[in-house]
Amino acid sequence: MTVTIRQLHPHFFGEVSGVDLRKPLTPQEARDIEAGMDKYAVLLFRNQDITDEQQLAFALNFGERENARGGTVTKKEDYRLTSGLNDVSNLGKDGKPLPKDHRTHLFNLGNCLWHSDSSFRPIPAKFSLLSARVVNPKGGNTEFADMRAAYDALDDDTKAEIEDMICEHSLMYSRGSLGFLDYTEEEKQMFKPVLQRLVRTHPVHGRKSLYLSSHAGAILGMSVPEARLLLRDLTEHATQPEFVYVHKWTLHDLIMWDNRQTLHRVRRYDQSQPRDMRRATVAGTEPTVAQQAAE
C-alpha cells in the first residue's frame, strides 16, 4: 500500500494510512514517513496493535534509540518495562496504578506541563513514538503545539530579541515548578542543567521554531525572574488554541512527533485507573549549541 497522509489541523498534524507497523517498512515507506514528519511535525497511526519489539523496530528507521539514562527517579530494579521502551504509564512493576503519594507518580506529573522530550539532555531527542496499550477511561488527552507556526506569529522585535538566546534546561526546573524539590545528590548530578538554543532551525526545510519546554528555567545573561517571565510569556503565546491539536486516545493509536518542532503535554486523568503508554525515543544527532556532552 501507499503511504497517504491527511492533515488534521491548519498548521500541522497528519493522520497516516496505508502502513502496518507490525511489518518492516520498505525504504520508500520510511522516506515517505520521515518526509511527513518534516512537513506535519506530528503523525497519527491508528489501529496499530504492536509489540514492544515492533515499536522499537519501527523507530529505528529514523535514527538510533536514545539512551534513557538520567530521565527518571525510578531505580532500574523497579522498572516495569525491560524491552528498551520508555514507560509513560501510571503503573508500578506489579502492573497496578502507583499510589498517589509514590515518588515516581509525583515526578511523572511533570508530563502534564508543556515540554519537549529530552530537552534536558545535552543532545535532545529527535522523534518520540507513543503507543497506547491501555487507554484511561477519563481524561488523559495529549495536546501538541506547533512551534514553527508559533515562531512565525511573533512580531519582528521579539524575533530579533530572542534569536541568539541560550536557555538552561533541567528536570529539576520542570518538577520544581510543581513543588517536587527533594533530590538525592546522585539525582542532582544527573539532572544538572544543559544549554539549548531558544530558536532552532530545522535541518531539512530550514523553518525556525521556538524551542521551549517546562524544563527551561534560566536564560544566559538574564536574571532568573526576568528569564522565567519571558519563557512564560513565550509559552503562553505558543500554546494558544490556534497552534494546538488535542488528541483523544483510542486503543492502539501510535503518535509520532518531532521534538525539534513541537511541544506536548498530557492532561490530567483518573489515576486510580490503569493507563499504559509506551514510548520509543529516537536520539538526536547534535547539540543545539556547542557544549560538552554530559556522559
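Let's start with helix H8, where Ala227, Leu230, Leu231, Leu234, Thr235, His237 and Ala238 are buried, meaning under 20% relative accessible area with a 1.4 Å probe, protein chains only, while exposed means over 50% and partly exposed lies in between. These residues cover an arc of only 160° around the axis, so they sit on the same side of H8; that arc is taken from the directions from the helix axis to the C-beta atoms. An α-helix has 3.6 residues a turn, so residues three or four places apart point the same way.

A quick word on the source: this is a predicted model, where local features need pLDDT of at least 70 and side-chain atom pairs count only at pLDDT 80 or more, but totals for chains, interfaces and linings use all residues. Residues are numbered from 1 along each chain as its sequence is written, and side-chain values use heavy atoms, with hydrogens and water left out.

What covers its buried residues? Turned away from the buried side are the exposed residues Pro225, Leu229, Arg232 and Glu236.

Now for two loop residues. Most residues other than glycine have a negative phi. Yet Phe13, between strand E1 (4–7) and strand E2 (14–17), has a positive phi near 70°, and Phe13 is buried at 0% relative accessibility. Ser118 has a positive phi too, about 65°, and is buried at 2%.

How values were computed. Helix = DSSP H or I, 4+ residues; strand = E, 2+ residues; numbered from the N terminus.
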